[in-house]
Amino acid sequence: MTKITVVMRTYERPVLLARAVASVQLQKFTDWELVIVNNGGEPAGVDAVMRTAMNATPSGSIRIIHLSERVGMEEASNRGLADSDSEFFVIHDDDDSWDARFLEVAVTALRSSPNAVAVVTGVTRIYETFRGGTVWPVSHENFPLSRGRLTYRGMIGGNTFPPIAAVFRRSLITTVGSFDASLPVLGDWEFNLRAVSAGEFVFVPERLARYHTRTAESDSASGNSITIGEDLHRDVKLQLQDRWLKEAAVNGVNKGELSITAASEVLTREPQINTPMVHVDIEHIANRTAEIIKLQRLSRRIARSVRHPGHGIRAVVGAVRRTIGK
Amino acid sequence: MTVQLSAEQVLDEHPQASVLSIDFFDTLITRSVAQPTHVFAVMERDLIAARGDFWRGFAVARVEAEQRARHNAASKNEYRDVTFDEIGLQLAIGLALNLPDRDMVMALERETELMLVEAVPFGAAITQVARSRGMKVVIVSDNYMPAAHLTQMAHRAGYSWMTETDIFVSCEHGGMKHNGILWPVVLSALNVPAGSVLHVGDDARADGEVPTSLGIATYVRDTMRTSHRDMINTTPTVLPLSRIEAQYRNAMDDTHWDVAEVVGGGLVAMIVAAQVIDAHFVVGHRSVAGVHFAARDGYLAHQVWNTLRSRGWELPEATYTAFSRSVVWRACLSELTRDNVGRFVGDDEVLTVSRLERRVGCALDSQLDRDAPIDASTARDIVLENTELVLSACKSLRARLLKYLQSHEVLMAGHHIVVDLGWTGSTIADLADMVASESGDLAVLEGRLTGLYWDATPQRMRIAMHGFAMDEFGSTDDNVRLLGVIKLLEALVTAPHGSVVDYEEDGTPVFVETAPELRAYEAVMHQVGDAAVRGALAILDGTHPSGITAADITNESVWAAIMQMGHSPRADEIELLSQVNHVTSIDHEGDGRPLIAMAPDDPSKVTLEDLPGIYDTLMHRHWMQGSLRALASNADSRWIADEVNKLHTMTSLRWVK
């Protein structure tokens, strides 16, 4: 069993794919298996890129899965994972890249934190223009990440990091299930929330992941799903929040309610993953969200007590008994 | 050439002196690294190894902590020096260290200083001669380390006679040599007149001007400073080059600082060693049909490879294969259009018909005087009017090139590696296409390159490539920095012959010799190349006097070496390379462009609107940082370099993140 499976979904972007594969091949940590999932694209193009890539001095191993029809991104990820076995896995988008130390550092971090379910490294966001088969960087910025953004409360308001930055334990899939294939986008966010409910995400601040974003001047075929499908992202986010609103509350907190509250806080104070970055204190936002929820719960209790005085008295008596009991 | 005085000669020139006062750091003792801050790089390396990644970036934090401590000390009392404890406090603040960790790193710094210290030969000689003549010898130093620690360092360096009372260090006396306060303290403690003291040190002001003004005889000897660079670029990856340069500094202390030897034996030797190490790695890990060192960038490595084979290393035979951007492009040319004719004639070129004929490889039908100057537009029209002739010439060039490749077994079935410098990989990708096409996909090329920058990405669809020191996955800033040093590296890693422009019918390559390149080779590059081959061989067979071995030649250390010289050059390196021109035209004729860009005739007439164009020119056509430093060294043009630095912050000397 290899130590880590790298699942790379691709669709008709051979130049970017070639770069992404090279970024995996250059890793100092060599016990990996790369599973390319050609998501319904022309097989010949992917095969040609891979033939060339395999001519580089090999480390790890590479397999290609050609899907005859295009499926959702998450379904493609699940196919890649189902066809492999490893202790850890990572979803490497075909337009992103890593520093050569990414896997080495991530695996070391997971080994030294046996209770953690994932590790996320710091991210550099690179804006690049892709035209006529040539890609060139325009600018870069530090992607804002902190330990707070990797907690449940930090993540519930919106997606806080791109897949390229995270390595997961494969055992998570048994615990929380695989990616939700019904989601056309934001499947990573939805999965991350389930994952972080199951265990801690370790944060390595060193910026070892590179999240490449095409500028508006780029050829449309090269665009990021997030920048060319902003409306879709908004729609899916609302659908997810609707779904969560219907779920039972856990410890008195409804996931959908929490997400909406956190998202509104975030929207007013923090740009999302698909907008230019401004540094914000996500831990402050998360704490503030918790305070709001606490206050809302308190005000609901007070309102209930006013409407039903008997309930209020019983609640006070219960609280006194609990206190005495302690 | 400056010939240094011997210890006896210095003392003989000052017979009145009964006391020898000597500076401590870089006069009496030095360290086995190129500059004082590199001690912190050694510490960072050891801290990471022992305690993990938290300590990454320690060395820069240590440099910055000292700067802050000095600033704070000066704001309270402009005369006194900073203390080691004050630096420790700032370090603790900067890195958020707890008390035990702060004490641990301060103890480690003292231990590391003791581990790296060595005597400066001149310092050892002059103190020995002075003592033998009955002179009192004392140390006068501007430093933050207490006398007790300096005594330990002196003992470790072999000065066993030294005691704490022989040492006057600024941090213990409320004043410095530099501002003159320390000197009266010394004279008073020794109870001698200024005229009976001879002071020897390495700082023109602190060890020269100031004591001289007080009546003390002085001798300034700054040879130990020759290897210093910008101090902020302090990180463990600089240590291999640092140790090599330190070894040169010590070896050349009594003679003169031979810049060409140091550049060749330092940066270039590391690159050449890396080329060989990388090729060796590939042949050790997969079946390889051929190893081909590209002319001219693989010339030095090919020599080293062959020498190692002759010494019994188990290496396959490797070819030295001549191809160039221009011949490969022409050999692949199948149609000529307005869009691609520009590759024959640059936008700003002035040619003649006869020179144009040499470029396209055939006689051209034209009514113009064959030796009359013609502009680029006219030249392109002539080429297009002769499309059939030109394409025919390209076709026959392709046949000759293939014959040559056949003779070098590049078309033989199997996996071949081509060792070259880099940078976009487009020429090797073109060659790979041709080889694949001619061999029926049986022969496959892989590019093993020193560096690749962002433009290499599309080539990855055509050829497998590896950039040893750098690839397009580096930061945007590093990609641009690489672009700024490409011309430098191509000038340094070269061969005694010119670039290939054609092949004889039997496949023999035709090299074009240009006067500027020949001049540069005679004046500088042959010595650089000789030193590089010697240095690389010593590194690879484990006999390098610095102790650097193949294990030290890593991707990161080679990148650091490239950045140390290419991005934070010393003035002597810029001066040495100011005599080099880079010939880049497709026919490799003409005078080319100087590696160090000429300053504008009248810098005062340059406007702010001109700056983006100047930056672009420096970046693409010259050695960017060498040119900027040259501009900065002249009072009239300094403002241009300053403005470029402001507009493009990655052009600052700092390259360590």
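This is a predicted model: local features need pLDDT of at least 70, side-chain atom pairs count only at pLDDT 80 or more; totals for chains, interfaces and linings use all residues.

Residues are numbered from 1 along each chain as its sequence is written, chains are lettered from A and ligands numbered from 1 in the order in which they are written, and side-chain values use heavy atoms, with hydrogens and water left out.

**Chain A in outline**

Chain A holds 12 helices and nine strands; helices (H or I, at least four residues) and strands (E, at least two) are DSSP runs, numbered from the N terminus. Chain A has 326 residues, and 54% of them count as buried. Here buried means under 20% relative accessible area, exposed over 50%, and partly exposed in between, with a 1.4 Å probe and protein chains only. The accessible surface of chain A is about 14,500 Å², and carbon and sulfur atoms account for 54% of that surface; such areas come from the Shrake-Rupley method with a 1.4 Å probe, and for residues only the protein chains shown count as cover.

**A sheet in chain B**

In chain B, five strands form an open sheet with parallel pairing, in the order β5-β4-β1-β6-β7. Two strands pair if DSSP finds at least two bridges between them. The edges are β5 (167–169) and β7 (217–220) of chain B; each has a single partner strand, so one side of each has no neighbour in the sheet. On average, neighbouring strands of this sheet are turned by 20° against each other, direction ignored. Four bridges join β6 (residues 197–201) of chain B to β7(B) in the parallel sense, and B:His199 stands opposite B:Thr218 in β7(B). Helix α8 (residues 182–190) of chain B packs on the sheet, touching β1 (19–22), β4 (136–141), β5 and β6 of chain B. The direction of α8 makes about 155° with that of β4(B). Contact means heavy atoms within 4.5 Å; axes are lines fitted to C-alpha atoms, for helices over the stretch in contact, and angles run from 0 to 180 degrees between N-to-C directions.

**Two crossing helices**

Helix α13 (residues 325–332) of chain B and helix α16 (residues 387–407) of chain B cross at roughly 115°, with axes that come within 7 Å. Residues in this contact include B:Val327 and B:Arg330 of α13(B), and B:Cys394 and B:Leu397 of α16(B).

**Salt bridges**

Side chains of opposite charge can pair when their charged atoms come close. A salt bridge is a side-chain nitrogen of Lys or Arg within 4 Å of a carboxyl oxygen of Asp or Glu.

| Pair | N to O distance |
|---|---|
| B:Glu245 and B:Arg229 | 2.9 Å |
| B:Glu245 and B:Arg570 | 3.2 Å |
| B:Glu357 and B:Arg370 | 2.7 Å |

B:Glu245 lies in helix α10 (residues 239–251) of chain B and B:Arg229 in the loop between β7 and α10 of chain B, so their pair ties together parts 16 residues apart in sequence. B:Glu245 counts as buried because its relative accessibility is 4%, and B:Arg229 counts as buried at 9%. B:Arg570 is buried too. Turning to the last pair, B:Glu357 is buried at 10% relative accessibility, whereas B:Arg370 is partly exposed at 40%.
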